[in-house]
Amino acid sequence: MSEQQGWVPEPAAQPQQHMPSNHVPPHVPHMQHPPQWYPPSSPIMTPVVPAPLKRHGLGKGVAAVVAAVALSITSAIGGGVAALELRPSTASSTVVTAQNSSSNSSGTSSLANVAAAVTPSVVSINTGSAVGSGVIITEDGAILTNNHVVATARGETVQITFSDGKTGTATIVGTDPSSDLAVVKVTGGGTFTPLAFADSSTVHVGDTVLAVGSPLGLESSVTSGIVSALNRTIDESSESRTASGAKIPGAIQTDAAINPGNSGGALVNTSGQLIGINTAIATSGSTAGNIGVGFAISSNTAKTVAQQLLG
């Protein structure tokens with residue numbers, strides 16, 4: 001890996017129409033330090049500019065098939081809570097698994113059919129200062145996303161846009177900075193289409209996957225790729241403003257295009273089941289977008305945390 005290479009968690013992007021016409025990205029200095037991470041949920045109006053990392057961050061914790069990389073949240077992602085925050089749910093919620101889901105586990109082979117089945121379960125999340133993504137996981141409207149997405153919220157609610165263009169409000173139910181996951185819930189009631197969780201321990205390198213989310217604020221975008229590697233460890237650096245700095249093990253690496261705004265969105269298999277929550281990307285030099293190295297929190301980890309947050 002060259003010294004100019006940096007690591008970036010896919011940030012939440014602000015809508016493009018709000019970008020000033022005279023906007024000029026700041027100069028990105030030549031990096032003389034190890035790789036760095038940024039979340040996939042930083043606003044477009046604030047370009048990702050890497051800050052130097054401590055030398056010990058490079059290659060630390062790499063052992064066997066587990067590779068550790070340093071994660072740092074962009075400055076646009078502000079003020080995350082420091083510990084697990086649980087709030088009582090107003091109604092009982094059941095996280096859907098692949099075993100009890102008939103709509104998303106039919107073994108569909110056509111990627112177009114998979115995309116059509118999955119997109120109604122993936123939403124765009126607008127926090128007022130940034131845009132990320134989320135995955136509907138219960139019929140009563142619980143949505144799983146990244147903590148670094150909701151950490152940018154102005155208050156206790158966020159705005160949701162569904163794949164059909166309808167909008168709504170969701171309340172932050174709970175956050176877990178240590179896993180960079182959070183749950184919000186649609187207010188006003190209703191019945192929604194949850195995405196089934198697959199068993200991420202059955203995922204193999206080379207499996208075809210789709211990434212669904214709102215990169216750069218472009219809602220319901222779908223990209224395809226394969227599983228590039230398994231059991232990566234995302235090591236959130238001390239520079240992170242929205243996470244506790246804990247390591248997130250068991251992450252899935254993919255070459256499906258993931259960009260700012262994909263944070264909290266779905267990584268699914270060809271049966272339309274959730275295998276991961278898109279969370280981070282790697283960048284090289286001054287390139288802040290996709291270069292074919294993205295990371296998702298495994299569905300097994302995501303499911304466990306979601307159930308805890310829902311109580």
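## Strand S15 and its partners

In this predicted model, strand S12 (residues 247-254) pairs with S15 in the antiparallel sense, and three bridges connect the two. One of the residues involved is Gln-253, whose bridge partner in S15 is Phe-295. Strand S14 (residues 274-284) also runs antiparallel to S15, to which it is joined by five bridges, and here Asn-278 has Ala-296 of S15 as its bridge partner.

Strand S15 itself spans residues 294-298, and because five of its five residues are buried, it is largely enclosed by the rest of the structure.

## The chain as a whole

The protein chain has 15 strands and three helices, and 53% of its 311 residues count as buried. Among contacts with a separation of 6 or more, 72% are between residues 24 or more positions apart. The chain exposes about 12,100 Å², of which carbon and sulfur atoms supply 53%.

## Nonpolar cores

The largest nonpolar core holds 32 residues, and the members that touch the most others are Ile-137, Leu-144 and Val-183. Helix H3 (residues 299-310) gives the most to this core, contributing five residues. A separate core of 16 residues lies apart from it, and its members include Ile-136, Val-149, Val-184 and Val-186.

Helix H3 has 12 residues and reaches 16 Å from its first C-alpha to its last, close to the 16 Å expected at 1.5 Å a residue. An α-helix has 3.6 residues a turn, so residues three or four places apart point the same way. Just after H3, Gly-311 takes a positive phi of about 75 degrees.

In helix H1 (residues 111-118), the buried residues are Val-114, Ala-115 and Val-118. They line one face of the helix, because they fall within an arc of 100 degrees when H1 is seen down its axis. Ala-112 and Ala-116, on the other side of H1, are exposed.

## Positive phi in two loops

Most residues other than glycine have a negative phi. Asp-180, however, has a positive phi near 55 degrees, and this residue is found in the loop between strand S8 (167-176) and strand S9 (181-186). Asp-180 is buried, with a relative accessible area of 0%.

Leu-216 likewise has a positive phi, near 55 degrees, and lies in the loop between strand S10 (208-213) and strand S11 (221-236). Its relative accessibility is 31%, so Leu-216 counts as partly exposed, whereas Asp-180 is buried.

Terms used
Residues are numbered from 1 along each chain as its sequence is written. This is a predicted model: local features need pLDDT of at least 70, side-chain atom pairs count only at pLDDT 80 or more; totals for chains, interfaces and linings use all residues. Side-chain values use heavy atoms; hydrogens and water are left out. Buried means under 20% relative accessible area, exposed over 50%, partly exposed in between (1.4 Å probe, protein chains only). Helices (H or I, at least four residues) and strands (E, at least two) are DSSP runs, numbered from the N terminus. Two strands pair if DSSP finds at least two bridges between them. Contact means heavy atoms within 4.5 Å. Accessible areas come from the Shrake-Rupley method with a 1.4 Å probe; for residues, only the protein chains shown count as cover. A nonpolar core is a set of buried Ala, Val, Leu, Ile, Met, Phe, Trp, Tyr and Cys residues joined through side-chain atoms within 4.5 Å. The expected span of a helix is 1.5 Å times one less than its number of residues. The arc is that of the directions from the helix axis to the C-beta atoms.
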